[in-house]
Amino acid sequence: MIREQSEAIAGRLPPLQVRAERAAQTVWQGMHGRRRPGRGEAFWQFRHYESFDDSRRIDWRCSARGRDVYVRETEWEAAQSVWIWCDASPSMRYRSRRDVPEKIDRAGVLAVALAILLVEGGENVAPLGEGMPARGGRSGLNIFIETLLASSAKTSRPPLEPLPQYAQVVLISDFLESAETYRELIAEFATSGCGGHCLQVLDPSEESFPYGGRIQFEGTEEETPRLLRRAESLREIYQDRLAEHRATLKELTSTADWNFATHGTDSSPETALLPLFTTMTRSAI
Amino acid sequence: MLSIGSLAFLNAWLLSALLVVPALWLFLRVTPPAPRRVLFPAIRLLYRAKSAEEKPDTAPWWLLVMRLLLTVLVILALAHPVFNANDGTPGKGPVVIVIDDGWTTGRDWSRRTAVMQGLVNRAKRENRRLFLIRTTWTPQDPRPFDKPIGPSRAEGLINAMQPKPWPVRLVPLLEVMQVSGLPVSADVVWVSNGVDDPGELAMITYLRRLGSLTIVMEPKPDLRVLMSPKRIGRVIQVDVIRLAAGPEMSFAVRATTADGRVLARVEGQFSDGERRASIKVSLPIDLRNDLTRIEIEGESTAAAVKLLDDRFKHQPVGLVSETGFQGKQPLLDELYFIDRALAPFSEVTRGPLDALLQDDMAALILADVGIVPQTHRIKLLKWMEKGGVLVRFGGPSLAAAGLGTNHLGSEGLVPVRLRGGDRTLGGALSWARPLNIHSYNSDGPFAHMPSYGKVKVRRQVLAEPTIDLASKTWARLADGTPIVTAEQRGKGWLVLFHTTATPEWSDLALSGLFVDMLRRVVALSSGTFGAAREGTLLPFETLDGFGVLGEPPARARALSPGKVDPGVGPTRPPGYYGTELERLSINLEIDPGSLIEPLAAPSGVMVRSFANNVETDFQPVLFAAALFLFLTDMLATMLLRGQLTPTSSPTDTLIGGLVIGIVTLSLVVGTGTARAQLLEKEGDEFRLKASLETRLAYVITGNGAIDKASKSGLSSLSEVLTRRTAIEPADPVGLNLETDELAFFALIYWPITPDHPALSEKAARRVNAYMHNGGTVLFDTRDQFERGIPGGTSGLRRLRALSRDLDIPALAPVPPGHVLTKAFYLLKDFPGRFTGGLVWIHDLEEDHASEVTPVIIGRHDWVGAWARGQNGSFLYPVVPDGEAQREMAFRFGINLVMYALTGNYKADQVHVPEILERLGQ
């Protein structure tokens, strides 16, 4: 059982990771991180001791080599911790056409790509809802990816988890539950001081409602089926409602000072990743 | 079974299912097509939204109508409707089918079979037994009246049945039937010939007593019958009689030879309201003896064919050589020229007059006989009355005969009064000069005689000028005196040449004119009169009911003279009796007086025609229509459920459309499509084979040996080409000009045989297009050995006939230095199996570098030189030079293929000296 699962995961991992890396790479090219001295672990440079420096920061080993006194500077590390949640509910396992990926697929790619970018940028990442500390580095990334893929949570509602202050939360989902469900949760996170980003991933058919004729619509999460005689007549109503729903979501995220963005699976992942990453790094600085 | 008019339902009870249709209407109306099911995660957004149209859930009316129609069609198809099933056998008892299979039925036998088969099919369905009674039945045949037979056996009998080339015999048949065990209360169908045969009415009366009688016949058959041809002078008169006098109608009569060549085709016309039409066939004398058959075109009955035998063609000529009534006179000398002139065309017999008269000669020739004795004269006159032609020649004896009375009148057996003595033109003591034969009477047999140059007449017997002299004169001298006179006696003729049959008095006997005149005169006779033959004559070839010659049937008896002639019938089918060389023809003679009246059926008898009597089964059509509707319904449902909207991928739509299209097509076109596809596939195979590799090609002539030689010759040439040159052709291809595409081949070898079948218009067009588009055809008449025959060799003649429709350019012999002489080898001439003839190509007037010739015509039988047998040895000897010449033949082949494939580029070599010269400067 475990073995089967792990094989399935292993089978899925490389392409996901590769696609995520490719997407991350594209984004990274325009991003040059904070290459400047600051608080951090990694060595950045030696410089002459200045009067305002704390004497504890003198690097004695280096200073002993010559007459001057040197201070060892580390690279500035504003190690942000980012908790990423990826909706894995049945409604995400959907695609309307063969040439678009399933929503969950795209959401996974986006989550992992985002994690790669963040780790590259020196941040720590962790999947939300697993009770794990945020980790950085290559190993932290691997742990993140494995945990994300093995995640057994199939709810469409993000779990509430006590997070450290100033942590960032990224929620990737189709956000098709009623807006009220999310309002409470986001408020909770916001009060604990977390910033956040919501990315709504939708299938093109969910955007445009391209149906016509006599159709029985069936939900993915045991919703009551709905029979439409002339589906095309409902197209505008549906689109209005979708816009309304989005407006509500946008409104409730902005009250918590969160971001809300949408992404269609028919466009490339980079189009969603770039703005998301930009907003995140901007907000972090 | 339920019948509505001529439409019947075999499973009528199934029609009750139609009652369900209205219920189905209601049911279908409230049951719309099942919706399409779509998985949609954002379904929550659809709740509480009203669809704009709140129409009730009903299917659209046209879909309903289509489905109801579909149901109705299926029910109707299951009920098995059959059109024309009601064919005169409404009862339950046995079915009696009386079948006219006499000579009149050969013209539409297939329709008759179809009707009979329909009857049998129906009897099979109804499990009834049948009596099949042929009206040409004779007591020697098995009796069909005693026991009925099962339908499957009847089917077999009908398939094996053939029309007979003799008349039906109703009277003896009726006698037997009346005392036979035919059941009363039967359904009787008479598939009749539509002719009022003797005993017809009695038969109808009898059959009506058996049960319901239906007569199936063509109401007014346009049956035509050929009367025995008659020879009238040089033409053959043929009378054609039709069954019913009707409007004006044209027909054609063909005169053919034993091997089927048509010698003449003459069109005739029945005038409005006339039953008899008469036409005249005139044939050149030398062709007339080839004539063996006269027939009405398009009429396939035994009575539309007349076979001719030796009696018709032979015109024996008797030369009276031992007269016995004027003492011994050396006549042999005189008869010598006549004998020589007539022998090639007629059977010439010499003998005393009495013997010749007994032998029924067509013509008798008396050369310079003076006075014919009374007894002989009477005999000769009688013989002439019957159609004999007596030809007399002048001479000293005839001149002397009139000397006594100074003239010789009709009692002297001459056509005109003759003066005594003779007239000498020219000579030592005369001013007169010998005269030419100058003119011919345009009414006589010598009209349009070709000119034979100057024929001098030096002496003649002179006719007394009388009133009718001019009309009796067939030929005149330059001064107007008659040289040939004739008088009709009864059916025969008395002809006098006013000069001798020897060169003594004139040059006539030495000239071609003499031969021509004699032949024309002899042709006036109406042939021999019933030559007596001895011994029995076995049937050799007989006519069948369609008027086609074939093996005689087993029952045909030998013809033995002296016995009572049974007349044309089962034991004496019309046809040839005897051997191939000496045969007697027996024809089906229809007495024009008692002939054939169209049958007028008495009232109360049901009469049907063939046209609407063929049973038509509608079941397959209905099922096909239902299937089509079903598929349309599927398509419509898919449309309604939105499965064919742009959301579904275009390939799905395409596949759906294709499926419907293909099914519909296959329904409509049926097996035709399959055959066409098969053909197309075969065509593809041929095209691939022809185009993927270079191949030599030859025309299939249909003559096995020549086709084999062509194939093996070209294979052998291909081998040599592969060995010696860069051309490596694959196996050669045989081409059927009627069907195969020629465009793939650079060179087509076309052997011409004397019996090469004629080209259809399509084939000719194809060959023309091939030649225009740059192909090369090598015509090989293969007949160099026949050279020297006037009018061209047989192959050449055939080629001329064949190429009438081909666009062959002006031709010239291959000029020296032509590319053909140096495409690979340097050649002076182009030998094949034979050599010495010219090879002809398109005459381009010295400009041979600009174009490849579309035709090459030769007669050397090249493939014959190339062809190898299975063991690799050459098939045919090469003359006169043997193997050396064969090598040259191969070299020609290589040059030829090089020329055809590379065109004229070698012609550039022409300029090499100039180029070299220029370079040198």
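## Terms and model

Two residues are in contact if their C-beta atoms, placed from the backbone, lie within 7 Å. Helices (H or I, at least four residues) and strands (E, at least two) are DSSP runs, numbered from the N terminus.

This is a predicted model: local features need pLDDT of at least 70, side-chain atom pairs count only at pLDDT 80 or more, and totals for chains, interfaces and linings use all residues. Residues are numbered from 1 along each chain as its sequence is written, while chains are lettered from A and ligands numbered from 1 in the order in which they are written.

## Helix pair in chain B

Helix α2 (residues 61-78) of chain B packs with helix α15 (residues 619-640) of chain B. Their axes (lines fitted to C-alpha atoms over the stretch in contact) lie 9 Å apart, at an angle of about 155° (on a scale from 0 to 180 degrees between N-to-C directions). That angle makes α2(B) roughly antiparallel to α15(B) (over 145 degrees).

In α2(B), the contact residues include Leu63(B), Met66(B) and Arg67(B); in α15(B), they include Phe623(B), Phe630(B) and Asp633(B). By class, this contact has 15 nonpolar, two polar and two charged residues (Ala, Val, Leu, Ile, Met, Phe, Trp, Tyr, Cys and Pro are nonpolar; Asp, Glu, Lys and Arg are charged; the others, Gly among them, are polar).

## Chain A meets chain B

Chain B brings 24 residues to the contact and chain A brings 30 residues. Strand β3 (residues 36-39) of chain B gives the most to its side, with four residues. That side of chain B divides into 14 nonpolar, four polar and six charged residues.

Strand β7 (residues 215-218) of chain A runs parallel to β3(B), joined by four bridges (pairing takes at least two DSSP bridges). Gln216(A) stands opposite Arg37(B).

How values were computed:
Angles under 35 degrees count as roughly parallel, over 145 as roughly antiparallel, 65 to 115 as roughly perpendicular and the rest as oblique.
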